[in-house]
Amino acid sequence: MLKQLLLLPVWLLATAILTAQPDIEKQIQTQLILAEDGEVIEFPAGKIDLSNTLWLDAKKNITLRGAGQDKTVLSFKNQTQGAEGIKVTNASGIVLEHFTIEDSKGDLIKTQSVKGLIFRDITARWSGKPKKTNGSYALYPVQCQNVRMERCTAIGASDAGLYIGQSDSVWVTRCYAKNNVAGIEIENTTNAWVYENYALYNTGGILVFDLPDLPKKRGGHVKVWKNKIIENNYRNFAPKGNIVGKVPPGTGVMILATNDVEVFDNYIMDNKTASTAIVSYYITENPVKDEHYNPYPSGIYIHDNVYSEGKRMPTWKNKLGFLFWLKFGRNVPHILYDGIQDPENPVRDGVVLPEYRICIRNNENGTFANLKADKKFKGISRDLKPYDCTHDSMESNR
Amino acid sequence: MRSQARTAGFDMAPKMRLSDYGFFTGDLSALHPAPRVFAYEVNAPLFSDYAEKARFIFLPEGEKMTCNDSLSLDFPNGSVLIKNFFYFHDAEHPENGRRILETRLLIKDEKGWKALEYIWNDEQTDAVLEVAGASFPVQWTDVSGKKRSIQYIAPNLNQCKGCHSYDGRFIPLGATIRQLNQYPAAGNQLLSWQESGLIDLPSGFDVSSAPRLADYRQASPGNIDDRARAYLDANCGHCHNPHGPANTSGMFLNITERNPERLGVGKAPVAAGRGSGDRKFGIVPGKPNESILLYRMESDDPGIRMPELGRQLPHQEGLDLIKTWIKEMK
C-alpha cells in the first residue's frame, strides 16, 4: 500500500491532508497510512479519544511512540468501529512504545503477520473492576516472528493480558500482568522465553498452551524462569466457551498439551488451587477432532522453583478446584500432573523415552500429585520418584 | 510521477476527484458509463448496512479479461473495478432518487491491486479522494416503509485491505467466476462479455458446470445449504479462509471448505473473548441460539460483531437464512 500511495503526487497528498477533518484521530490514521519506511510517528501527550481502530498495514521500520506511559493515554472508551485499539498487519521492524492504551471494545493492540516487533513501556488496560465485557487480550501478537515485550503492563483482560499466539521467537521480560483471567499466555508458539516478569492477582499467572484446530499446530521450546507468580486467585471472569474460562482461580503456571517446556527459578507463591499444573487437552473435556493435534504434554522440566509453605484452600468455583478439595482438603499439592499419557509415546523397556519425560526436581516446598485423571482420579499418587530426572538438553540450550 | 499506465485517455495515476477519471459521462451522479466501462452484477453480494451498490469494470483500450483453465479470473494492468455505494431515499420507490455516498476504486497495475476511496459531496456533483475514511449520518426509508438512519462509515485505505487480503496481498473479492457466473435465466454476463470481446474464456467453458455461488436472496432455485454457504462465503469467507486475515481462528467459511469442524461445527473458539457470548461452539447443529456464529452476526457491538468491518446493522434476512440452515443441520 505504501509504495502505491507514494505514487500520489505530493500536491495531491497535501490537499488530501488539508481537506481532512482537523481532528487528531484522522490526523494519526492518515499518518499511519502514508508513513514512509523508517518513520517515527509520535502520539502527543494528553488523553486522546479515539472512535476507530488505528491501523498500520504493510510498512517497514515504523515506530509508534507516545510521550510516556503516564503522559499519553489513547482511550477507546467511546469506540464505535473496529474490534481493536491499535492493529498492525503484514509489517516488519515495528516498535510500539511509551504510551498507555485503554478500554477498547475488543483487543487493545493486535499485531498479525509482523516480523520484528517490540512492545516497550506500554500500559494496556481496561479501567474499572475486571469484567467479562472487557476485551480479550491487552497485547496480542499473532502469527508474528521475533517479538519482544519488555516493561509492559496489562490489566483487566477477560482472556489474557500478555498473549502470544501462533508465533515464533518471543521474549517476554520485566512485564507486569495483573487482574487478567490469564496473566501471560504463550499459545501454539515456538521458542518463547518468559523471564523476570510479575504475574499477580490473575485467575491464572502464566499459561503455556497448545490448542487444536489452528493453522500453527504445535508450540514448544518454551522457557519460563525467574518470574514472580503470586496470588493468582482472582475469580474467573472469562466469557464461557473460551478455553481460559476453564482455568481454576488459584492457578500459578499451567502447561497444557505443549512439549519441551522448562519452568525454573520462579517464585510461585500463594496460588491457592494449582501452583503448577501439567495437563493434557482432555482435561478441558472439549472434543478433539483435529488429527494433526497432539493433546498431551511431553518433555516437561519443572525445577528449582520456590513454592509457599503452609496450607491452602482450593477454589470451589471450578470443577477441578472442587475435586482437589475433595481429594486433598486444605492441603493441595503444589505440582499437579493429570497423568493422562500419550499411548503413542515411544517407550523402551516399559519406560517413556527420556526426551518425552516429565521431570520434576529440586523445588522448594514442591509437593506433588499424579491425579490419574485417566482413571477417574482414582489411585492418586504422591510419589515423585518416577519424575526424578533432568532434561540436560534444555539446560544447555538457554 | 504521473506516468503510470496511460491508456485510451485514462491516466491511472490516483486523482483527486472521481470526475477526473472520466468513467462516467454527463451528470456524474447518473453513473452513465463511458466507453470501456461496463456494469456487472455479483451472485452473492456482501451485506453493507443495506446500502445499494452500482458496480462497473473499466478495461483499457484493446485489453480484455482473461480466465485460465482453473477458472481464475485475471485483469490487464490499467483495469479498474468501480463500486458506488448509495441509498434510495425510499427503497420502495427508487424513482424518488438516491444519495450516493462513496465510490471505491480498485486499480490494477504491474505491482498488483490498490484501493482508493472517494467520498461524494452533498450536492452529488463529485466525489473527493479520502485516505483516512469518513463518517456521516444517513437516513432512508426501507422496503417495508420504515424510516431508518445510521452513522454511515466509509473505510480508510487500510480497512479496505482488512477484507481484500490473500496472504497479505491485496485482491478483489467480487470479481471471480463464482460470483459473476449468473444463472442462465438472468442472461449470463460472462457470455455476453465474451461476445463483445471483453473476456477470453477458456475453450469449452460451460456456464452450467463452472463454479457459481447461489443468489442467497432467492428462495428458489437452490437449496438452503447452497444459499447459506454462498452467504457465508461472500460475507465471511474473504477473511475466514486459510489465506485470509482470520485464519488465526482456524474457522473457515469459504465455499470450498468441506470439513464440518473447520466450518465451526463443534469447534471451540480460540480467541473470541467476549465474542463467544457464553456459547461453547461456533455452530451447534440444530441449535442456532447456541451457536457463536449467530451471536456474532446478530451483535452490533464493535468488539463482538462479525464481519468486523463494513457492518453496523444486523442483516435480518441473512440471519434468518443462517438460522434456518443451522436449525436444519444434523
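**Working chat**

Biologist: What does Ile322(B) touch, leaving aside its neighbours within four places in sequence?

Modeller: Ile322(B) is in contact with Ala228(B), Tyr231(B), Leu232(B), Leu293(B), Leu294(B) and Met297(B), once neighbours within four places in sequence are left out. Contact here means heavy atoms within 4.5 Å. This is a predicted model, so local features need pLDDT of at least 70 and side-chain atom pairs count only at pLDDT 80 or more, while totals for chains, interfaces and linings use all residues. Residues are numbered from 1 along each chain as its sequence is written, chains are lettered from A and ligands numbered from 1 in the order in which they are written, and side-chain values use heavy atoms, without hydrogens and water.

Biologist: Where does Ile322(B) lie, and is it buried or exposed?

Modeller: Ile322(B) lies in helix α7 of chain B, residues 316–328. Helices (H or I, at least four residues) and strands (E, at least two) are DSSP runs, numbered from the N terminus. Ile322(B) counts as buried because its relative accessibility is 0%; buried is under 20% relative accessible area, exposed over 50%, partly exposed in between (1.4 Å probe, protein chains only).

Biologist: And how far apart are Ile322(B) and Leu293(B)?

Modeller: In sequence, 29 residues; in space, 8.9 Å from C-alpha to C-alpha.

Biologist: Moving to the interface. How many residues of chain B are in contact with chain A?

Modeller: On the chain B side 51 residues, in contact with 53 residues of chain A.

Biologist: How many salt bridges does the rule find across it?

Modeller: Five between chain B and chain A. The rule asks for a side-chain nitrogen of Lys or Arg within 4 Å of a carboxyl oxygen of Asp or Glu. One pair to look at is Asp57(A) with Lys161(B), joined by a salt bridge at 3.0 Å, N to O.

Biologist: What is Phe119(A) in contact with, beyond four places in sequence?

Modeller: The list includes Leu96(A), Ile109(A), Leu139(A), Pro141(A), Val147(A) and Met149(A), and also Arg148(A) and Glu150(A).

Biologist: Where is Ser158(A) placed?

Modeller: In the loop between β10 (153–155) and β11 (160–165) of chain A. Ser158(A) has a relative accessible area of 1%, so it is buried. Leaving out residues up to four places away in sequence, its contacts include Lys131(A), Asn134(A), Val181(A), Phe237(A) and Val244(A).

Biologist: How many salt bridges over all chains?

Modeller: The search of the whole structure finds 33. One of the pairs is Lys77(A) with Asp103(A), at 3.8 Å, N to O. This pair links distant parts of the chain, 26 residues apart: Lys77(A) is in the loop between β5 (72–75) and β6 (84–102), and Asp103(A) in the loop between β6 and β7 (107–125).

Biologist: Buried or exposed, Asp103(A)?

Modeller: Asp103(A) is buried at 9% relative accessible area, whereas Lys77(A) is partly exposed at 49%. In another pair, Glu84(A) and Lys87(A), the closest N and O atoms are 3.7 Å apart, and both residues are buried.

Biologist: What about Arg104(B) and Glu102(B)?

Modeller: Their side chains meet in a salt bridge at 2.9 Å, N to O. Arg104(B) counts as partly exposed at 25%, and Glu102(B) as buried at 0%. Elsewhere, salt bridges with shared partners join Arg65(A), Glu97(A), Arg120(A), Arg148(A) and Glu150(A) into one network.

Biologist: Last one. Why is helix α3 of chain A largely enclosed by the rest of the structure?

Modeller: Because eight of the eleven residues of α3(A), which runs over 24–34, are buried. Among them are Glu25(A), Lys26(A), Ile28(A), Leu32(A) and Ile33(A).
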